[in-house]
Structures are given as C-alpha cells and as structure tokens.
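I opened this entry to look up the salt bridges and the confidence of the model. My notes follow the order in which I checked them.

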Amino acid sequence: MLRLLWKPFGFSRILRVGGCNPTESVSLFALAWTTQALKLRKAPDTFLLDQRKVFSTMTEIANKRDPELFSPPSDVRGMTKLDRTAFKKTVTIPVLKVRKEIVNRLMRALKRAALQRPGIKRVIEDPEDEDSRLIMLDPYKMFTHESFEKAELSVLKELDVNPQLSKYNLELTYENFKSEEILKAVLPDGQDVTSGFSRVGHIAHLNLRDHQLPFKHLIGQVMIDKNPGITSAVNKISNIDNTYRNFQMEVLSGDQNMLTKVRENNYTYEFDFSKVYWNPRLSTEHSRIIELLNPGDVLFDVFAGVGPFVIPAAKKNCIVFANDLNPESHKWLLHNCKLNKVDQKVKVFNLDGKDFLQGPVREELMQHLGLSEEAKPSVHIVMNLPAKAIEFLSVFRSLLDGPCSREHLPTVHCYCFSKDGNPAEDVCQQAGAVLGISLEACSSVHLVRNVAPNKEMLCITFQIPAAILYKNYISPENYEDRPLKRQRTDNVFSEEKT
C-alpha cells in the first residue's frame with residue numbers, strides 16, 4: 001500500500017511501502033506525486049501546478065518559519081515578578097536520524113546546520129531505536145534535505161546517512177531562552193530591552209531607564225540567572241558624586257555584598273563597589289596611558305581611585321605618586337598596592353586634588369628641576385575626573401618658582417566630558433580658557449568613549465607651557481631684542497630666533 005504522509009515545514013517520512021528498500025525513495029516519491037496529481041486533476045475547484053512548481057512552492061512555504069519560534073510564550077507579557085514555570089513552550093524542529101557510532105564525526109560536518117540554543121542538547125536518543133540518535137537541526141536553516149550544503153551532503157553520503165529530515169516536538173523552558181528574549185517578551189511591546197551591563201566581579205551594574213523600573217527586580221534576577229558568575233545585580237539611582245566619585249545604588253536581586261574582586265590587564269583589584277569608583281569600560285584607556293610611560297618616568301595620579309593607572313605604572317618601574325580624596329578609595333588603593341606587591345613603589349595621599357597639586361606635586365617638580373638634564377625623567381600628570389578635572393588646571397598657573405626651564409615640562413592627561421558637536425575642539429577651548437593660553441597647536445585629544453547620546457568622554461594631552469607653569473616667567477624676548485617666531489615641534493610650541 002502506498003501512502004503519502006504530510007509533515008509540517010516541507011520535510012517528511014514521505015513513503016511507507018511494505019518491503020520497500022530505502023534507496024527507492026526518490027522514484028517512489030515521484031510515483032506518489034504522479035498518483036496524487038491524477039487525483040487532483042479530477043477534483044473540482046482544485047488548482048494544480050506542474051510538478052516542478054509544486055516542489056518550489058513547498059520550499060517557499062517551509063521557508064516561512066515563524067520568527068517567534070524561539071520566543072517565550074506571549075502570556076508572560078507584563079510580568080513583574082519572575083515566574084520561571086510560565087516560560088514553558090513546545091516547538092517543532094527538524095531532526096536527522098543517524099547511527100550512534102558516527103555522531104561525533106558527523107557533528108563536525110554539521111556544525112552550520114545543527115541547532116544552537118542555550119541548555120539544549122544537540123544530540124538526543126531516538127525513542128524508537130536505541131542504536132540511533134537524533135541530531136537537532138536549526139529550523140531557520142534546515143527545511144528539507146535540499147537545505148544541506150554540498151559538503152554536508154558529501155559527508156552524509158560517505159557515512160551512509162539518509163538525508164531525509166523528520167520532525168521532533170521540543171519542549172522549551174526558562175533555561176532555554178536568552179536574557180534578551182525573556183526581557184523582550186516581558187517588557188511592553190516596542191520598549192527598549194536591557195540585556196547589557198557593566199560587570200564588576202560578581203556584580204552586574206545596570207543603568208535602567210524609567211520605563212524599565214517597574215520590571216527592575218525581574219530584570220536583575222534574569223541577569224543573574226543568565227550570566228555565570230554574577231550573583232548580584234544593582235541599578236544606579238543617582239549621578240556620580242563629584243566629590244567622592246561614587247553613586248547611590250539599589251540591589252535589584254541577589255547578594256547584598258558589594259565587596260568584590262576584579263582582574264584588569266593582568267592585575268587584581270579589590271574594593272567595595274558601593275563606596276568607590278570603578279568602570280570596567282576604561283580598561284583600554286588605562287592601557288593606553290601606561291604604554292606612554294617608560295621605566296623611570298614619574299607619574300602623578302591626582303584622582304587615583306583604587307589604582308588602575310597606579311599599579312600598572314608601578315609594575316613598569318615608574319616613580320608613582322597617587323592621590324584620592326575619598327577615604328574608601330584611599331583605603332583600597334593602599335590595599336591593592338600591597339595585593340599587587342608594589343606598595344614600596346607608590347606614595348599614596350588622601351588629599352583634595354588641588355592640595356595634592358600644590359603640595360606633593362609642586363615639591364617633587366621643584367626637586368625635579370634641580371636634576372641634571374641627563375637625569376631628568378619624563379613627568380606625567382593624570383587627571384581622571386571628567387566632570388571637574390578641567391577646573392583643576394588653574395592650579396598649574398604659576399605653580400613653580402624659578403629657575404625657569406623649558407625642557408622636560410610635565411605632560412598632563414586631563415579627562416573631560418563634552419556635548420558639543422565638535423567635542424575635540426570644545427575640550428581644547430575649555431582647557432585653554434582655564435590656563436589662559438591657546439592649546440590648539442600644542443595638544444592632542446583622544447576620544448575615550450561615548451557616555452550617553454551626544455555626550456563624549458575625552459582625554460586632552462599637552463605639555464604645560466613654561467609661561468604658565470613658572471611664576472615670574474621671563475621670556476627670551478626680554479633678554480634679546482631679536483624677534484622670535486613660534487613653531488610647532490612634537491605637538492609643543494618651541495621658540496626659535498629669526
């Protein structure tokens with residue numbers, strides 16, 4: 001008896017014929033369609049396409065896969081308290097039946113076609129045959145046996161595997177959905193979905209928008225569930241405090257403990273995240289500045305935090321002076337210097353930035369002036385307090401007494417924000433206005449990152465002009481009447497007699 005079995009998606013165990021050899025499936029398949037075609041020609045109100053067009057239409061129908069196939073059930077929309085049991089769903093996917101002894105070899109060849117979903121095994125036992133296995137295939141790529149690529153078909157033929165696909169009812173649970181899929185299903189339709197966060201050790205730091213706040217506890221728990229190693233989720237509920245550079249936060253879900261450990265650029269940092277400033281998105285910037293330093297250079301870090309500039313610089317055998325006004329940052333800076341075994345190479349201060357510049361920095365620079373030209377190292381001053389650092393540049397005006405030297409002037413790396421259409425020009429003008437001199441021809445500006453729409457974080461780098469740094473600075477014009485011309489050399493103004 002010949003019977004045509006329809007299956008969804010255009011794949012099927014098409015023919016059942018008593019005593020049939022599987023190798024005859026192609027000819028029998030054509031016979032089946034011929035038989036059905038004769039019946040359809042006699043049927044009233046039936047439109048029959050030619051055989052080639054029918055196969056094409058089947059593929060087109062199969063290709064119209066439900067885009068929400070792997071989306072959670074629609075009835076979770078609006079959920080504010082996480083109910084994991086509500087995410088159960090059954091979907092039908094294509095599978096390929098193979099002998100269990102060839103599974104490992106075959107999986108390498110079917111890497112493209114195989115299903116890849118979190119928490120789902122790609123190979124399962126065949127409930128009808130203990131000697132066989134079912135390979136789960138991606139329903140968005142695999143529609144019929146014709147969906148296999150040429151190389152894949154070659155391997156199937158080599159291993160004597162029938163490429164015919166079957167269907168399998170797969171039950172999905174909460175564990176099988178990605179975080180963005182869960183949040184997209186729960187939050188109001190069309191609203192932005194939060195699936196990204198800053199990771200600080202075991203803590204996921206989110207910055208939720210207003211429309212997400214009713215779902216904040218659910219979002220926090222999903223972040224913990226879907227990210228191994230995350231045991232706490234927090235949300236910032238205030239802007240960064242400009243005095244101590246920390247912010248108020250709310251624990252959305254999980255561990256209340258904010259003591260954490262992070263690794264950045266092969267160094268370890270420990271701190272209480274609720275009391276200090278740490279931004280994992282600045283890792284590349286920390287490395288960029290450290291690459292500018294040479295062993296023996298002097299680094300002054302005015303707003304050092306817990307040490308992301310300080311410790312790598314000390315490890316590079318630089319002479320480091322580190323300061324932070326926040327007592328908690330000062331405590332953890334000392335701790336991290338010991339933790340990374342550089343405590344003997346760093347002098348740590350707990351002062352206001354202005355006092356640090358006018359005190360320890362000024363004293364060290366004055367001593368630096370007394371060194372011979374050959375012994376003078378390069379001096380770098382890092383000022384990473386973007387909201388206010390530019391204001392501190394005024395301290396450099398007449399900071400030092402003579403003798404005046406235009407050699408080995410300190411290089412400043414000052415961080416700032418800009419919302420201007422031309423942010424580089426904006427920060428250059430801001431810094432120049434505070435110093436009382438144009439920096440356009442003797443500075444460079446580096447874009448650090450985009451902080452928010454139309455808000456950039458930048459770093460302006462420049463050598464402090466001698467005329468600004470020294471009190472009672474006497475320019476060469478006062479020694480000789482010959483005119484001078486100003487020229488740019490290595491991004492710094494120098495003077496040359498004409």
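The entries below cover confidence, then the salt bridges and the exposure of their residues.

**Entry 1: confidence.** I noted at the outset that this is a predicted model. I looked up the mean pLDDT of the protein and found 83. I also recorded that 80% of its residues reach 70 or more.

**Entry 2: salt bridges overall.** I asked how many salt bridges the structure holds. The total is 15. I looked up several of them individually.

**Entry 3: Asp225 and Arg84.** I found a salt bridge between Asp225 and Arg84, with 3.1 Å between the closest N and O atoms. Why does the pair tie together parts that are apart in sequence? Asp225 belongs to helix α6 (residues 216-226), whereas Arg84 sits in the loop between α2 (51-63) and β1 (89-99), so the bridge joins parts 141 residues apart in sequence.

**Entry 4: Asp401 and Arg362.** I recorded a salt bridge from Asp401 to Arg362, the closest N and O atoms lying 2.9 Å apart. This pair links distant parts of the chain, 39 residues apart. I located Asp401 in the loop between α11 (389-392) and β15 (411-418), and Arg362 in helix α10 (residues 353-369). For Asp401 I noted a relative accessible area of 29%, which is partly exposed. Arg362 is partly exposed as well, with 24%.

**Entry 5: Lys261 and Glu270.** I found that Lys261 forms a salt bridge with Glu270, with 3.5 Å between the closest N and O atoms. Glu270 counts as buried, because its relative accessibility of 17% is under the 20% cut-off.

**Entry 6: a network.** I asked which residues are linked in a network of salt bridges. Lys97, Asp126 and Asp129 are linked in this way.

Note on methods:
Residues numbered from 1 in each chain as written. Predicted model: local features only at pLDDT ≥ 70, side-chain atom pairs only at ≥ 80, totals over all residues. Heavy atoms only, no water. Salt bridge = Lys/Arg side-chain N within 4 Å of Asp/Glu carboxyl O. Helix = DSSP H or I, 4+ residues; strand = E, 2+ residues; numbered from the N terminus. Buried < 20%, exposed > 50% of the residue type's maximum accessible area, 1.4 Å probe, protein only. pLDDT = per-residue confidence, 0-100.
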